[in-house]
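Hi,

Here is the structure I promised to pass on.

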Amino acid sequence: MSAIESVLQEKRVFPPQAKASAGAAISGMEAYKALVAEAESDYEGFWARIAREMLSWHKPFSKVLDESKAPFYTWFEDGELNASYNCLDRHVEAGRGNDNAIIFEADDGTVTNVTYQDLLDRVSRLANALKKRGVKKGDRVVIYLPMSVEGVVAMQACVRIGATHSVVFGGFSSKSLNERLVDVGAVALITADEQMRGGKALPLKSIADDALAAGGCEKVKDVIVYQRTGGKVAWTEGRDLWLHEIVENESNQCEPEWVSAEHPLFILYTSGSTGKPKGVQHSTAGTLLWAAQTMKWTFDMKPGDIFWCTADIGWITGHSYIAYGPLAIGATQVVFEGVPTFPHAGRFWEMIDRHKVTIFYTAPTAIRSLIKASEADAKVHPKSFDLSTLRILGTVGEPINPEAWMWYHENVGRGQCPIVDTWWQTETGGHMITPLPGATPLVPGSCTLPLPGIMAAVVDETGQDVPNGQGGILVVKRPWPSMLRNVWGDPKRYQTSYFPEELGGKLYLAGDGAVRDKETGYFTIMGRIDDVLNVSGHRLGTMEIESALVSNPMVAEAAVVGRPDDTTGEAVVAFVVLKRARPEGDEAKQIATELRNWVGKEIGPIAKPKDIRFGENLPKTRSGKIMRRLLRSLAKGEEITQDVSTLENPAILDQLGEAR
């Protein structure tokens, strides 16, 4: 039985526990339904109310939603605010400057506490330093940093002066970094000498140097370097600057730059079904509003809670639920530099115990890998640690299979903690479909129901609703404040990717398939409908990986598909035709290793194919189209039952099947 089938047949239901419902932000299904009804009866009034409640406005807005240029929607456009002010100053002004904002744990276990006053001072000094270097409102700054307090400071400093940041994950290659620097037109790059992961120092500055040397980055005037390890790095005088030196003599007072609600807060690149990554552009007010509101609704944050999201700031989860959401509501959060398996596979549970974490948010991939480690060694099993402070668990990045859900519930939550299985995307800015800890009866593997104000639906290829129990395409029927505003520099791609004409041009296309339960209406996500893979919660375009493979001098042709994987959710499988005879045995293994490393260098380690199979050709129709549905079946080890009469070379299926 597939993971999807097991979710659809799941009959276990876990009603909200009394202690989770008591005092919850949304307590009980009646309270949830009342908010849904409010949004349905007065959509703009609903969003205006929470925008006034959740955010501090320098200039109040008078207009809520403008649909006149649909699908280029705007929200609260005539209002003005500053994201950094909302995340820092207002808490200090309210007398909470000595409260912990961040409990930072380094890879080696060193712990640093950063108060809201400390964070505001550090952000203001860097903001002043950036201004002195000529960075101004509307400029773009690329951030290529490890998980660190400095990463959060850099993001907040940019938005404090009205600059738009674009964070690039520290695991990406120089080529990926170069593409993003060029596309976004960056004027500055903030990076580090090295990053620490699992006890190893990994280069960042040298990769950044290679990215800049690749060309197209002439606008980058300054490279600001955080000295993380003290490792030796090459230095370009007049361009490269040490972070600690440029902030040393700066004032800790920096007046926020007040910007329009629609001012771009950040641009974050995500894989698309074509080779070029998409620069997803997010607005200031809408993104901040939803990050803050979902912290309260989904995680039911209360004073005294210690929140820990294990994501990296290079991904949207680290933006919404590390850099912005927790700070916007004045929470205390754990920020972690390292990996869950170093120095042992009990690191997560040890940290929850040490920091008295109450709300824990991680990826199903991490959970699945830690299940295996726990079964092999009782010393790293969650039950070997005191996790009694936990009250809410969450998952993010991909659907969680029921078996992993149950293990998480029983072993980490001790059967006492609701699990919020959150469905959302880089493009949505925050949670869209998720259980609420004090209201929603939980079903393992289902993300349950949309949040109030989110008009999600399942439709067919023409945009018509399908009945519950029937699979279809996941869409959102009305715009919402935290949705992406554009694809940076490519409005046509924004329209065709997210609001296609075949669905009427007004429905937001999520790119996921979904089905709703016949009785409860609960949503289950069934995976991507386009050529995008979800590996360990990270989206990778198949075209991107194929392009990397074909750029190797040995490769004539390549096709990439995904197959289910117990640990990563989906694994990359590449079918490769070389410019020479098909290799076999040890030679095939050697070339496969070379190609894996090549992809790691071109894109990043997360994109390395788990399985590379060599063939003399690829299965193609007589018109030359590669039959990817057949390759998906081969990748999964399934028997080919589909009609192959249109294939030009049906015998190739046997060869590729044998190449497993």
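Let me start with V550, which sits in helix α17 (residues 542-550); helices (H or I, at least four residues) and strands (E, at least two) are DSSP runs, numbered from the N terminus. This is a predicted model, in which local features need pLDDT of at least 70 and side-chain atom pairs count only at pLDDT 80 or more, while totals for chains, interfaces and linings use all residues. Residues are numbered from 1 along each chain as its sequence is written, and side-chain values use heavy atoms, with hydrogens and water left out.

UniProt lists V550 and V555 under "binding site" in an unreviewed entry, and such annotations may be inferred rather than shown by experiment. V555 belongs to strand β28 (residues 555-565).

Setting aside residues up to four places away in sequence, V555 touches L549, V550, V576, V577, L578, K579 and L595, where contact means heavy atoms within 4.5 Å. With its neighbours within four places likewise left out, V550 is in contact with V555, A556, E557 and A558.

Elsewhere, V152, M155, Q156 and V159 of helix α7 meet H319, I322, A323, Y324 and L327 of helix α12. The residues of that contact comprise 7 nonpolar, 2 polar and no charged (Ala, Val, Leu, Ile, Met, Phe, Trp, Tyr, Cys and Pro count as nonpolar, Asp, Glu, Lys and Arg as charged, the others, Gly among them, as polar).

Best wishes
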